[in-house]
Amino acid sequence: MELDFGGKVALVTGSGSGIGAEVARRLAAGGAEVGILDRKADRAEAVAEEVGGLALVGDVAVTADVEAAVERTVAELGEIDVLVPNAGMGTAKALWDYSDEEWDLLVGVNLAGTFRCLRAVIPRMVAGSGGSVVNVASLTGIRPTVGEAPYSAAKAGVIALTQSAALEAAPTVRVNCVAPGMVRTPLTRMVTDDPAWRAGAEAGTPLGRIGDPGEVADVVCFLASDAASYVTGQTIVVDGGSILPSLQSDALLRAISGTI
């Protein structure tokens with residue numbers, strides 16, 4: 001899906017790979033000038049070279065890095081019209097096995113990192129000609145899974161943060177959110193490349209497959225575009241239907257009722 005972002009400036013965090021890189025590609029294809037922020041310089045530079053964007057190196061867990069990325073984007077590309085705080089990280093273990101440091105890191109990147117981006121950019125949008133923000137949460141922020149307590153809590157916070165920001169930034173700035181389900185990215189390859197795991201996940205997804213980063217990016221870009229001009233404060237789940245009752249539960253209900 002190609003939308004018109006001609007004359008727009010965008011900043012996408014965590015855009016050296018995965019969903020963020022696909023968002024950057026689509027925004028650039030639509031005519032936007034894009035700041036590519038990633039913790040790893042080689043990844044930021046590779047995507048920036050591909051899309052003709054600006055490579056930025058920084059960690060959203062560090063306020064100074066976020067502010068520096070915003071200032072450089074504005075100085076070299078212009079005021080930011082589209083912000084996509086996509087950077088995130090996760091791990092898996094029982095919640096009581098997480099240390100304070102691990103909790104702080106996961107919440108600091110996934111939730112506080114999004115907050116830092118909003119704090120650095122939204123006031124500029126409000127003072128200028130407005131803009132659009134699309135946060136990236138997760139299906140686990142709505143329906144938590146075993147082993148991801150800090151990640152799930154942080155992503156649920158991103159959804160609430162989206163709603164608060166949408167109220168406070170209106171009427172000139174729209175703030176929305178996407179909540180991806182399982183998508184094939186470098187971070188998920190450990191499980192998506194396992195045939196047994198993938199077969200189980202696909203069987204529990206009504207559309208019968210794992211998602212592609214580009215399918216999430218399409219929704220992000222729609223929400224960022226003028227095509228979604230009357231949409232704000234919303235979270236769109238992009239998960240192939242896996243948030244719905246499982247196929248196993250559906251089959252059980254059918255067998256019990258005999259009429260469904």
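Lys-93 is partly exposed, with 27% relative accessibility; the term covers the range between buried (under 20% relative accessible area) and exposed (over 50%), using a 1.4 Å probe and protein chains only. The model is predicted, so local features need pLDDT of at least 70 and side-chain atom pairs count only at pLDDT 80 or more, while totals for chains, interfaces and linings use all residues. Residues are numbered from 1 along each chain as its sequence is written, and side-chain values use heavy atoms, with hydrogens and water left out.

Let us stay with Lys-93 for a moment. Its side chain forms a salt bridge with that of Glu-102, meaning that a side-chain nitrogen of Lys or Arg is within 4 Å of a carboxyl oxygen of Asp or Glu. Glu-102 is partly exposed too, at 28% relative accessibility. Lys-93 also lies over the face of Tyr-98, 5.5 Å from the ring centre; for this, NZ of Lys or CZ of Arg must be within 6 Å of the ring centre and within 35 degrees of the ring normal. Aromatic pairs, by contrast, number zero, the rule being that ring centres of Phe, Tyr and Trp (its six-membered ring) lie within 6.5 Å.

The model has 11 salt bridges, including these:

| Salt bridge | N to O distance |
|---|---|
| Arg-26 and Glu-22 | 2.6 Å |
| Lys-93 and Glu-102 | 2.8 Å |
| Glu-71 and Arg-124 | 3.0 Å |

Arg-26 and Glu-22 are four residues apart in helix H1 (residues 18-29), which means about one helical turn separates them. Helices (H or I, at least four residues) and strands (E, at least two) are DSSP runs, numbered from the N terminus. This pair belongs to a network of salt bridges that links Glu-22, Arg-25, Arg-26, Glu-50 and Asp-218.

The side chains of Glu-71 and Arg-124 also meet in a salt bridge. Glu-71 is in helix H3 (residues 63-76) and Arg-124 in helix H5 (residues 112-127), so their bridge ties together parts 53 residues apart in sequence. Glu-71 is partly exposed at 44% relative accessible area, and Arg-124 is partly exposed at 28%.

How do H3 and H5 pack? Their axes are 9 Å apart, at an angle of about 35 degrees; axes are lines fitted to C-alpha atoms over the stretch in contact, and angles run from 0 to 180 degrees between N-to-C directions. The crossing is right-handed, that is, the near helix is turned clockwise from the far one by less than a right angle.

Met-125 lies in helix H5 and is buried, at 1% relative accessible area. Leaving out residues up to four places away in sequence, Met-125 touches several others, including Ile-80, Val-82, Leu-83, Val-133 and Val-173.

Val-136, in strand E5 (residues 131-136), is buried at 6% relative accessibility. Its C-alpha atom is separated by 5.1 Å from that of Val-178, 42 residues away along the chain. Beyond its neighbours within four places in sequence, Val-136 has contacts that include Val-84, Pro-85, Val-158 and Val-178.

One backbone detail remains. Most peptide bonds are trans. Ala-170 and Pro-171, however, are joined by a cis peptide bond, with omega about 5 degrees. Pro-171 sits in the loop between helix H6 (149-169) and strand E6 (173-180).

Note on methods:
Rings of Phe, Tyr and Trp (its six-membered ring) pair if their centres lie within 6.5 Å; planes under 30 degrees apart count as stacked, over 60 as edge-to-face and the rest as tilted. Contact means heavy atoms within 4.5 Å.
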